[in-house]
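Morning, everyone. Please look at the sequence and the structure on the screen. I'll keep this short.

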Amino acid sequence: MKYQPIPLRTHIITDKDDIVKVVRTYTDGIAEPGDVICIAESPVAITQGRAFLPQAVKPSLLARFLRHFPRKEGSLATPWAMQLAIEEVGAPRVLLGAVAAGLGKLVGRKGDFYRVAGRVLALIDDIGGTLPPYDRYVILGPKDPKKVVEAIREATAVDALIADVNDLKCVDILAVTGNHDLEELRAALRDNPFGNDDERTPIVVLKRVGE
Amino acid sequence: MKPKVTNIRATTIGPALEGGVPFSRVVIESTLPPHGYTVRRVNSKGVIVILPGFELTPPEGSIPVYDGLVKEMFLTRAESDGVSVDIHLEHPTEVHTIIEPGTPSRLTIRLDRTFLQGIMAGRVVLIDPGHGGNDSGASGPTKVLEKNAVLDVGKRLAAAVRAMGGEALLTRDDDWDVSRGVRFRAAHEGRVDCLVSLHLGAPGTRNIRGTRTFYLPSHPESPTLAANIQAALVQKLNLVDRGVARDGKHFGDLPVPAVVAELVCLHHPVEEALLRSWIFRERLAQSLGRGLKNYFLLTRNGAKNGDRVNGHTNGFWGLPKVAGTTNDRCSGQRGAPKGGGR
């Protein structure tokens, strides 16, 4: 195996935190050049003020209508998540995505909504989709993930990535610095070292342990 | 540079894995193997692990676990030099430690859960996921159905009870309705030790949230069962505590302790959304399992209110005692709060 994950337990990261400072503090003396610092996407978004309590969101009529169409297990099943999706990419794109999803269903194809409306909407975590205490929030995907990983690389001299990993072993790397074999990075994160429950390990250092 | 503790976590290993002995496992991860560590017992329900010469990366403080054996862990910088992990237990138990070198290095503290098997062995719990089939029960704002949510929690609770060494019977294990007579036959015949009926609050308004537990007044141990289940739900899940109340209508008379756990309020949009997460449903089931274990611990010697069982004073002023607490936190017997319905 080329990388071994070291999960780092942190405090509860909030919108008062600077994600670059947080990463630098917790990885100091642990991550070194050659390693990759991985950050879960939700904490990055939280530090960017992109986590919303339902009472802070006023769903429009369109959001209330459209939220009936996604699967109940999906990310846009509540009116608040749908409203935030509309605000994120605009009502026309969400409507076009909904039309595309409807047509896709007719031919048995999945994923057309996100292909048309925008991949950023697939990063929305609806209520219950994140770990406590943020399981009561709707959390958008992080803004400018490439800039964030570059700032972390600058501050720590170690490559960094932001990833969305779920308990179904799906790993979506949103941004990464350096030249790495993405498949190896995905394999190292597949067991979700960020945790599925309340482990509170949003930062993981992938240690290079040999070729 | 000093070696660092990077993470601490607790997991539960069931009897089906690793040699047939169930145990809780506290794992302390670090950048180097902690060869100079010490383990010290503090009274019968505390273990302190010291890692001299180590720095602490995670923040100091409490990490709640509530897995039935490990209550919580306290992570602090040791007074001299190093890191201290203070493990608070609900019951005395055997402690074994193992160092696993690697990246990261791991110090594993294995805490024997066989004691819990002793509490649960021979206990039969009748788990009743409410509604089913054409009877969907309540429906949430995004159409999560009560019958589906409680069925999933019920199956998970049955697995949790079995993992602790008890026996679990489900009144239904799929989406079908069961007549009241069939549903509670095992309880009426006294073939089970208790009945836990799973429902969701449906108060008809989006403003009420939280968990509450009703008990059947026809059996004297029902309030104690309800209080322990309610306490476990509130502790683990940080839910609003709507208290314990009596309910004589739901089952009629039963010869065994019986409760109705209204896990959360389905009409509350946030609580409905939480129910869509399998992690939340699993945590509900684990909490219910822990509540049952605490109840059986208190009553295994036939204790009644006021009796002393294994160091726990069993209630005062006629209120049921909750295992593992110094104060009775049961709000029971004061009548049901407004709202709710099954």
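I'll take a sheet in chain B, then the interface with chain A.

First, the ground rules. This is a predicted model, where local features need pLDDT of at least 70 and side-chain atom pairs count only at pLDDT 80 or more, while totals for chains, interfaces and linings use all residues. Residues are numbered from 1 along each chain as its sequence is written, chains are lettered from A and ligands numbered from 1 in the order in which they are written, and side-chain values use heavy atoms, without hydrogens or water.

Now the sheet. Chain B has an open sheet of 5 strands, ordered S5-S1-S2-S10-S9, with mixed pairing. Strands are DSSP runs (E, at least two residues), as helices are (H or I, at least four), numbered from the N terminus. Pairing takes at least two DSSP bridges.

Next, the interface. Here 30 residues of chain B contact 34 of chain A, meaning heavy atoms within 4.5 Å. How many salt bridges cross between chain B and chain A? The rule finds 1 (side-chain nitrogen of Lys or Arg within 4 Å of a carboxyl oxygen of Asp or Glu). Arg276(B) and Asp126(A) form a salt bridge, at 3.2 Å, N to O.
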